[in-house]
Each structure stands twice: as C-alpha cells, then as structure tokens.
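Student: I've just opened this one and I'm new to it. Could you walk me through it?

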Amino acid sequence: MICPRCEFENQPESLFCTECGQRLERSKPAPPEPPPPGPDIAPHIGPTQEPPLPRNHPLGLASFILGIVGVILWLLSVGFAIYLFLSAFGGGYDGENFEVIAIVVPTLALLTNLAGLVLGIVATTQQALRKGHAIAGICVNGLSLATFLMLLLALYVSD
Ligand SMILES: [Zn+2]
C-alpha cells in the first residue's frame, strides 16, 4: 500500500502510513459517473451555428420587379394623357404614334402587372422560402391594377 502523500510503501493492510501518518484509503469501488451534462449546461464551443436564412423566392423578386415596371408604364401613360390634354389647347401634338403610345404602353402595363400578380401568388405558395418580395409584388401589382381599373371605370362612366 503506497502512501499517496509521501509514497512510502506500507503494509497492504495498514490503515495509516507508518512514515507520515496519512490515512490510507482502501481501493474502493469507483464512484458512479456523473450523468452527462445536458445540452442546456453544455459549454459553448465556438460560435453558435445559426441556421441559414431561407432565400427570397426568385419568382417573388420577379413579381416585385414586374410591379415596379408596370407602375412606370402606367405613369408614362398618365404622362402622355396629360401631355395630350395640355397640347389640345396649344395644338402642339400632331397625333404621331398615337396608337403606339396610347394603346401599347397601357396594354404593356396591364400585362406586366397581371404577370407580376400571378408570379407573386405562385411565389407565396412555395414553402420554406421567404415571401417578402412576393407579398410586396402582389401589393404593387394589385394596387397598380386596382388603381387603373378604377380610373378606366371612371373614364367609362363619365363618357
Ligand atoms: Zn506517508
């Protein structure tokens, strides 16, 4: 029995070290192992891993861009209408390219907003992707369509 304090070799049955008086421990069964620490008290090793943020749906982004393009086309149409209204007094406009400007541009705006609205709705049906752009696209396209459908309705009623 080796003394843990002075390393003197005592008799195996000794209770105390004959050299220094240190109490000699019999070899006891190993104490039960402590339970493994739970995840809550586990020490953090390195930075915590955040799950990657889901991407915005590309169709949602396309919907948003189409909505902006549609609004710009509508504004061009309104600008042209204002120009026609003002030039009616001065006679400055000779009617050149009237069909192109007065029909094609609003039609393009209508189709652009309709396509954007459809893309936005499709994008919101896709799971596990952020819907910010899609919702913004639906709002822009929907508001643009609603505004100009009401404007057309007002023009139709006033005629
Ligand atoms: Zn000792």
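Student: Let's begin with helix α3. How many residues does α3 have, and what distance does it reach from its first C-alpha to its last?

Tutor: Keep in mind that this is a predicted model. Helix α3 has 27 residues. At 1.5 Å a residue you'd expect 39 Å, and the model comes close to that. From first C-alpha to last, the 27 residues of α3 reach 39 Å.

Student: What percentage of the protein chain counts as buried?

Tutor: To count as buried, a residue needs 20 or more other C-beta atoms within 10 Å of its own. Applied to the 159 residues of the protein chain, that gives 18%.

Student: Which residues of α3 are buried?

Tutor: Here's a handy rule: an α-helix has 3.6 residues a turn, so residues three or four places apart point the same way. In α3, the buried ones include H133, G137, N141 and S144.

Student: Which residues make up the largest nonpolar core?

Tutor: That core has 8 residues. The elements giving two or more residues to it are α1 (58–90), α2 (98–124) and α3 (132–158). Apart from it lies another core, of 6 residues, with V71, L73, A109 and V140 among them. The members of the largest one are L59, L66, L117, L119, A123, A134, I138 and L145.

Student: Leaving aside neighbours within four places in sequence, what is L119 in contact with?

Tutor: L119 belongs to the largest nonpolar core. Two of its partners, L59 and L66, belong to that core as well.

Student: Is L108 buried, partly exposed or exposed?

Tutor: L108 sits in helix α2. Its C-alpha is 7.3 Å from that of L73, which is 35 residues away along the chain. Buried would take 20 or more C-beta neighbours and exposed 12 or fewer. L108 has 16 inside 10 Å, so it counts as partly exposed.

Student: And E7, what is its phi near?

Tutor: E7 lies in the segment before α1. With 10 other C-beta atoms within 10 Å, E7 is exposed. Its phi is positive even though E7 isn't a glycine, and the value is near 65°.

Note on methods
Residues are numbered from 1 along each chain as its sequence is written. This is a predicted model: local features need pLDDT of at least 70, side-chain atom pairs count only at pLDDT 80 or more; totals for chains, interfaces and linings use all residues. A nonpolar core is a set of buried Ala, Val, Leu, Ile, Met, Phe, Trp, Tyr and Cys residues joined through C-beta atoms within 7 Å. Helices (H or I, at least four residues) and strands (E, at least two) are DSSP runs, numbered from the N terminus. Two residues are in contact if their C-beta atoms, placed from the backbone, lie within 7 Å. The expected span of a helix is 1.5 Å times one less than its number of residues.
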